[in-house]
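I opened this notebook to record what I looked up in the structure, entry by entry. The sequence and the model come before the notes.

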Amino acid sequence: MSMKLYELAGADSNRRFSPYCWRVKYAIAHKGITPETDFIRFTEKSAIAHSGSPTVPVIDDGDTSVSDSFEIAKYLDEAYPDAPKLMGSDVAIGQARLIESWANTQIMAVIFRMIILDIFEGLDEGDKEYFRETREKRVGSKLEEFQKYDDEQIQTLFNNLTPVRMMLKTQPFLSGDTPGYADYILMGCFMFARASSTKKFLKDDDSVNEWYENMLDMYDGLGRKVKVS
Ligand SMILES: N[C@@H](CCC(=O)N[C@@H](CS)C(=O)NCC(=O)O)C(=O)O
């Protein structure tokens, strides 16, 4: 039976910008699976009601529904043990949890501030009020005041990526010689930016940018195909 992935979409239903969904898209591709995809909007979630989850990603795999990006990654390793491992051991799961919390707080949060208005502008009209209300409450200011895209913010992102830059001196991927779920966690943050905005967020001569460019090409250019005009 085929696998179905539910994602978040903007006004253009091809604008799939959720960082958590991108983590899962890469994780599913890693397993050699091409899922069917469907989308929800923030204010229209009937397609995922069966899962009991208020958020995407959600996958349906036969009769099994799984929600939450990290849970989905664990499920994929359990359900597809013969395909390449995303994490592969309890130790790797524990370490990927650290990468997840680092990426969410030090990378995704910085990128979010750079692109919050681009996200807003790309939303379906029916979602804009919900997004403004929930996100302004979360960040404690107007979206317009919160947005920060300048040299200082780009430098903050650069600084926060220092551990990855140091690691790239000794291995090509966060997971070692080949990419794994830790790489997809970080890539999800970058795809969040790419799918929402035309803004540049990495410096050309940064080794992290080289890693990003390599990741864009993987799985027949899964990431590279995404372009915001
Ligand atoms: N911890 C969850 C977070 C998922 C999440 O927050 N998804 C967002 C899209 S990026 C969502 O569905 N939000 C729905 C809402 O805000 O109503 C995961 O890793 O999957």
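**Entry 1. The ligand.** I began with the shell around the ligand, which consists of Leu8, Ser18, Tyr20, Phe42, Pro54, Thr55, Val56, Pro57, Asp68, Ser69 and Phe70.

**Entry 2. Conventions.** I note that the model is predicted: local features need pLDDT of at least 70, side-chain atom pairs count only at pLDDT 80 or more, and totals for chains, interfaces and linings use all residues. Residues are numbered from 1 along each chain as its sequence is written.

**Entry 3. The cis bond.** Among the residues around the ligand are Val56 and Pro57. I found that a cis peptide bond joins Val56 and Pro57, with omega at about 10 degrees. I placed Pro57 in the loop between β2 (36-40) and β3. Helices (H or I, at least four residues) and strands (E, at least two) are DSSP runs, numbered from the N terminus.

**Entry 4. Strand β3.** I then asked which strands pair with β3. β1 and β3 pair in the antiparallel sense over four bridges, and β3 pairs with strand β4 (residues 64-67), also antiparallel and over four bridges. Two strands pair if DSSP finds at least two bridges between them. Lys4 stands opposite Asp60 in β3, while Val66 in β4 is the bridge partner of Ile59. β3 and β4 form a hairpin with two residues between them, and Gly62 in the turn has a positive phi of about 60 degrees.

I also checked the faces of the strand. In a regular strand the side chains alternate between the two faces of the sheet. A residue is buried if 20 or more other C-beta atoms lie within 10 Å of its own, exposed if 12 or fewer, and partly exposed in between, with C-beta atoms placed from the backbone.

**Entry 5. The largest nonpolar core.** Which residues touch the most other members of the largest nonpolar core? Of its 55 residues, I listed Ala27, Ile111, Tyr181, Leu186 and Phe192. Such a core is a set of buried Ala, Val, Leu, Ile, Met, Phe, Trp, Tyr and Cys residues joined through C-beta atoms within 7 Å. Two or more residues each come from β1 (3-8), α1 (19-30), β3 (58-61), α2 (69-79), α3 (90-122), α8 (181-194) and α9 (207-221). α3 gives the most, with 12 residues. The core lies between domain 1 (3-79) and domain 2 (90-221), because both give residues to it. Domain bounds come from an automatic or database domain assignment.

Entry 6. I noted that the centres of the two domains, taken over C-alpha atoms, are separated by 19 Å. The contact takes 18 residues from domain 1 and 22 residues from domain 2. Two residues are in contact if their C-beta atoms, placed from the backbone, lie within 7 Å. On the side of domain 1 that touches domain 2, α1 and α2 give two or more residues, and α1 gives the most, with seven. That side has 11 nonpolar, two polar and five charged residues.

Entry 7. Leaving out residues up to four places away in sequence, Arg23 touches Ser69, Tyr184, Ile185 and Gly188. Arg23 and Tyr181 are 158 residues apart in sequence and 7.7 Å apart in space, C-alpha to C-alpha. Leaving aside neighbours within four places in sequence, Tyr181 is in contact with Ala27, Ala73, Leu86, Met87 and Ala96.

Entry 8. Most residues other than glycine have a negative phi, and most peptide bonds are trans. In helix α9 I looked up Tyr219, whose phi is positive, near 50 degrees. Tyr219 counts as partly exposed, because 17 C-beta neighbours lie inside 10 Å. Asp220, also found in helix α9, has a positive phi near 60 degrees. With 9 C-beta neighbours inside 10 Å, Asp220 counts as exposed.

Methods: A residue is near a molecule or strand if its C-beta atom, placed from the backbone, lies within 6 Å of it. Ala, Val, Leu, Ile, Met, Phe, Trp, Tyr, Cys and Pro count as nonpolar, Asp, Glu, Lys and Arg as charged, and the others, Gly among them, as polar.
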